[in-house]
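Hi,

Here is the model I promised to pass on. Have a look at it first, and my notes follow below.

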Amino acid sequence: MPNMSLKKNEMPQQDPNVRNKNFSEVALGYTEEQALDEAQRCLGCKARPCMKGCPVAIKIPEFIAKVAAGEYEEAYQIISQDSSLPAVCGRVCPQESQCEKFCVRGKKGEPVGIGRLERFVADWHRENVKEDPVVPEKNGHKVAIVGAGPAGLTCAGDLARMGYDVTIFEALHLAGGVLIYGIPEFRLPKAIVQAEVDNLKKLGVKVETNMIIGKVISIDELMEDYGFEAVFIGTGAGLPRFQNIPGENLNCVYSANEYLTRVNLMKAFKDTTATPIIRSKNVAVVGGGNVAMDAARTAKRLGAENVYIVYRRSDEELPARREEVEHAKEEGIIFKLLCNPVQIYPKDTDDKFQKGFVGGMQCIEMELGEPDESGRRRPIKKPGSEFDLDVDCVIIAIGTSPNPLIKDTTEGLDTNRHGCIVTNGEDGLTSRPHVYAGGDAVTGAATVILAMGAGKAAAAAIDKDIMNK
Amino acid sequence: MDMYRILKKECLNPTVTLMDIEAPLIAKKAKPGQFIILRVDDEGERIPLTIAGTDKETGAVTIIFQIVGATTELLNHKEEGESITDFVGPLGRPTETEGLKKVAVVGGGVGCAIALPIARALHEQGTEVHSIVGFRTKDLVILEKEFEACSSKMVMMTDDGSYGTKGLVTNALEELINAGNEYDEVIAIGPMIMMKFVCLLTKKYNVKTVISMNPIMVDGTGMCGGCRLIVGGETKFACVDGPDFDGHLVDFDSAMSRSIIYKPFEVADHEKVCNLFKKEEA
């Protein structure tokens, strides 16, 4: 008899006023009782509508049935047939707009907590199963993956399971991409990312860090000199965008990329590390996406008294996940909606070491007009509504443009006018034979799970490509 | 994890050290003007250093650094045969040297370490090279012989007159220009204040001037945007658009202001590390 409760089991969480001062994980994960109870809410629909919403097509009702039966390792094995990073997806996927959006239970009441169950299963496996996975028999074919982010890790995992000899080349000193440098510890503990990368290594995937492909080895050399039969490019999003307003190059104007990289990858929040970060008192974060929420909540944890989200549209249009917005509000982040920066002022001082620092920000109120080409209502300035925000730090989180390194060093690799790599669509083949691409390098900034979906599709296409040679 | 071995260490002066790091793939690809990013240990910060030379045979990449903060102090305490944790490159665009007939290469302080491989490359391709190198005082002079070897004319300047001619590199450059030398280009590498004044001078004489920026970076691969500067009114990123830029277009005042953001950290951390080493030695 299924559990007919209209509500999901709530996720246990750290208290907002405690967690906004530490970097430990916000959500604590289901207990076994909660997981069993939640799993029994699944009706096990034959049509499996939830699966249509999953970019990597995890067999959701099957794994939930195993959870309901208390067979957690079996549940894990079902998930890992389709996902290389279940502990990550269970935490950062926007389930409300994917699997859970199509859950029948959601028509009347809340959908099944699919993401929370996925997380429970992945965490149970990590804590309880110590055996190494079975290393598949090698098929003798070599594939190179450029970039150890969600797209690359997924592509590598799928190919390794098919028997390919896979090497991932990563530019940074650690594998994980945005999971390591971008998403904060309090949403995705780095030890979990490391465990997922270690799982891939146990499958035989080689990870070469400090390798800047395009510069130290070109894509052509990977194929001609190093014997790789196919290459997957998953180099992610690149350079931060700025607004081109006066004062953007003052000290303590950070891109969200820089701010988060200093704190997440370089661990600037710890006393033992060498990378510095300025701990500001009043911080404005410009933008309304997940990255903006991450930056704002990070600034709060670094000790800021007032942290503002400055976003030019209204609450309804915030592109961040609702859950992230709610978490931010609970933690005391102040939302300055329908307003946009005009200029950033330098500090008014004669001290030559302080002169070049942020002293405040002028904003202007906005109102929403007719929908623009994106379908969202266009924000319009309200004349004469300028006001000053007292801040000593501004973090710009309005998106990124693709990294130019691979494009500039690979002849015949087509990119669009934004600099994104052009692919044939479903399987990620680029304008160069045997060269595939996926994730933010192709789509521009998007989500972890979409990048994983692209990595997965490319892995299948690469397999077909090499087998048909 | 792969480590990067120190093949050679040499103190060039009391505050400047040369190291050869074993990184054969980088040695094979690096060109003058490009840089690397290194981390000394697992808790370390990533710092960019411009490549001072390479040896394809031994796989060595030469770096020359001034001891200014905690990281360079730690690095300076590493000995031959020891290793550092991370070393990645070559990053940035190489210096463009094609088609230049006559060039004045201006180096200031430790910037001479970066200017030298460019002067060498120019010399090897048959460009007439005039080198002007400047230091605060005689004890800080580095790479004098090396510059002599690749220049048809070399001028040594010191601020206090303790060696060479007393004065600034700009004095020497102006003299050479006034003496009728027509340079296709001036390449100036050194402290930002020096590069700024070289550019003000060459603007007056309408001589194209290329400078090499060394701003604060985190990843160095085109991700963080920390190295941004204003060139010709536009935001550029030193790591992927540079580090070389047309000096007449660079907003040096903004760049100088950005370079001091972590000064208080740098000073405090440097002291901490120095005290640590002093304790160990005691």
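Let's start with the packing. The largest nonpolar core has 136 residues, and those touching the most other members are A:Val285, A:Met361, B:Leu38, B:Ile63, B:Phe87, B:Leu173 and B:Met213. By nonpolar core I mean buried Ala, Val, Leu, Ile, Met, Phe, Trp, Tyr and Cys residues joined through side-chain atoms within 4.5 Å, with buried being under 20% relative accessible area (1.4 Å probe, protein chains only). Helix H6 (residues 192-205) of chain B supplies the largest share of this core, six residues. A second, separate core holds 74 residues, including A:Phe120 and A:Leu172.

This is a predicted model, where local features need pLDDT of at least 70, side-chain atom pairs count only at pLDDT 80 or more, and totals for chains, interfaces and linings use all residues. Residues are numbered from 1 along each chain as its sequence is written, chains are lettered from A and ligands numbered from 1 in the order written, and side-chain values use heavy atoms, without hydrogens and water.

Now the sheet in chain A: five strands (DSSP E runs of at least two residues) form an open, parallel sheet in the order S6-S14-S7-S8-S9. In chain A, S6 and S14 (residues 393-396) pair in the parallel sense over three bridges, and A:Ser255 has A:Ile396 in S14(A) as its bridge partner.

Cheers

Technical notes. Two strands pair if DSSP finds at least two bridges between them. Helices (H or I, at least four residues) and strands (E, at least two) are DSSP runs, numbered from the N terminus. Buried means under 20% relative accessible area, exposed over 50%, partly exposed in between (1.4 Å probe, protein chains only).
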